[in-house]
Amino acid sequence: MNRGTLLRLGGLAVLLVIAVIFPLVITNALYTQFAVDTLIFVAAVVAWNLFSGFSGYISLGHAVFFGTGAYTVGLLTTHWKVIGGTIFALLPLGGLAAAVVAVPFGLIALRVRRHTFVVITIAIFFIFQLMAFNFSFTGGNQGVSTPFFLWTAASYNNPFYYVGLILAIGAIVLAWLIRNSRFGLQLLAIRDDEDRARGLGVRAMRVKLSAFVISGFITGMVGGLWWFFIGQALPETAFDPTFDLTVALMAFLGGVGTLAGPVLGALILEPLQQWDAITFTNGFFAEIALGVVFLLVILFLPRGIVPTGKELLTRWQAVRERRGQPAPGGAAPPAGGAEVPTPKTGSVR
Amino acid sequence: MTALLRTEGVSKSFGGVQALDEAGIEVDEGSIAGLIGPNGSGKTTLFNVITGYERVDSGHVYLGGKDITNAAPDKVFAAGIGRTFQLTRVFSRLTVMENMIVAAQHHERGQGRLRNPLARAGGPATRRRAMELLEFTGIAGHAGALAETLSYGQRKLLEMSYVLMASPSIVLLDEPAGGVNPTLITTIADRIRQLNEQGTTFLIVEHNMDFVMGLCDKVTVLDYGSAVVSGPPSVVRTDPKVLDAYLGTAEDDDDIPVG
């Protein structure tokens, strides 16, 4: 294991420890509430990226999975009268329902590509929202409310926090596994040139659909957690078009298709939005701010923070190495110059 | 010699344009066959039809006696037909090595690596074979670089390399020398010859006549979607029908491209 890997693992361990002790140190309910919201979005964005980022199929219909998960968990909780900590055991069922929905959704939408795909996902999303409004079992525009949780008010947010953390970490680990697997490579190949990938033995439809279903499953679980946390699922909040936009924006901000980018995007945007919402009492301001951020990202960071940051770093390293070369008769000692490592970027040129 | 790849009366039209009209070609096992013809004569369409990117309207495609008409691209590839594109197609945001691994899907599936889809992409055997092929084509030094950083010629070599990952019995090359510098053209021709000696059959579409005439055992000429002439280069280059195909029935024969 080289120094870079150790450093990275150490950094991840530190982040993990911080994440675990966070609600024990910061006990202000407002901040822990922000933290739960943020974790919900971290998990959702990582799940979105696992499909859209890797395959290049930009979905603006993931709220279908979010809402399906929320409603499934909501209706089951109400129907079975589940109470206490066991409610979280229902989350996989929410994921499962979303995954089941993802199969026909994917089979229809994944036949088309690029813009057409985006439009189809939006259209299917609105169909689901309409169904939530109009079916009787969904409670119409009354939605589904959670039972009361008899948890201590002081640490009320903590169970949600830790379940959110588990979902987020689980999603990240899964994304990492996929990124380094054959399956992930097939997805990336589809992103770069789907027809070519097919011609090399990649079963494109199967691969895309699998990623779509996995992504839907996680998003469904996240939706279920959100319902427990927020207390009520309404058609317009569980099937929320701004959810789709927010998730996509977070991924774009951090860097679509990268592993760290979407996490970073969610960690930046969600607290910002929450802060926004309480600072400016006008609710619309948060949405306007979201739009402004969207424009700024497109203008200045079209590839996202992580790819742009990496690029700046390699450029900076290249400049430093060039300066590090001992100029003939220059001040730099020859021994120091000789130790300059071969530039990693050399092969990239 | 038996025909490894054979098309029989293949027709394909796009709207009113008859791209292929009863096209029949035969590629003998172990040979290097050339496919030439004026622009729009249906060469690439024929490639697309053979490799499953287009469906035939009528006719048949056989590989080693097996009917592979209208099989999907991945099935065709698995059956042993590798193919490169006229406008080179590599996975630009993947590294050169990852490009190679993508093409090893079928190969690895055969080794039972499919069981665990989350297994790390590219086993040691795959990577070793990929390195060998990259060394063979001379771009091994770029294995870790993103494919988008390669020059056009290097991309052609990469595309050729990854197609070879699956050890295809026949490789279809669409203009391997197009837009490539003369030195690299010689390299490409050398590599094709070497691979051919090792038993790989080739079918090559190319406009560079020196390249085709120097390399191929047999050349087929397509015109308006049908094979008009087929034979050794020396015969084909003097065939009046070929001259007609390229020049129309013009009187002026100053500028014969098949010369």
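Among contacts in chain B between residues at least 6 apart in sequence, what percentage join residues at least 24 apart? In this predicted model, the figure for chain B is 66%.

**View 1. Helices, strands and burial in chain B.** Chain B is built with 10 helices and 11 strands, and 44% of its 259 residues count as buried. Of the chain B contacts that link residues at least 6 apart in sequence, those joining residues at least 24 apart make up 66%.

**View 2. The largest nonpolar core, with members from chains A and B.** This core comprises 165 residues, among which A:Ala43, A:Ala44, A:Val45, A:Val46, A:Val222, A:Leu225 and B:Met100 touch the most other members. Helix α2 of chain A, spanning residues 29-55, supplies the largest share of the core, with 15 residues.

**View 3. The surroundings of A:Ala43.** A:Ala43, which is one of the core residues that touch the most other members, has contacts with A:Gly164, A:Leu167, A:Ala168 and A:Ala171, as well as with A:Ile218 and A:Val222, when residues up to four places away in sequence are not counted. Of these partners, A:Val222 is also listed among the residues touching the most other members of the core.

View 4. A:Ile124 is located in helix α5 of chain A, which covers residues 114-134. Because 19 other C-beta atoms lie within 10 Å, A:Ile124 is classed as partly exposed, given that a buried residue needs 20 or more. Apart from neighbours within four places in sequence, A:Ile124 is in contact with A:Gly61, A:Val64, A:Phe105 and A:Ala109.

Definitions and conventions
Residues numbered from 1 in each chain as written. Chains lettered and ligands numbered in written order. Predicted model: local features only at pLDDT ≥ 70, side-chain atom pairs only at ≥ 80, totals over all residues. Core = buried A, V, L, I, M, F, W, Y, C linked by C-beta atoms within 7 Å. Buried ≥ 20, exposed ≤ 12 C-beta atoms within 10 Å, placed from the backbone. Helix = DSSP H or I, 4+ residues; strand = E, 2+ residues; numbered from the N terminus. Contact = placed C-beta atoms within 7 Å.
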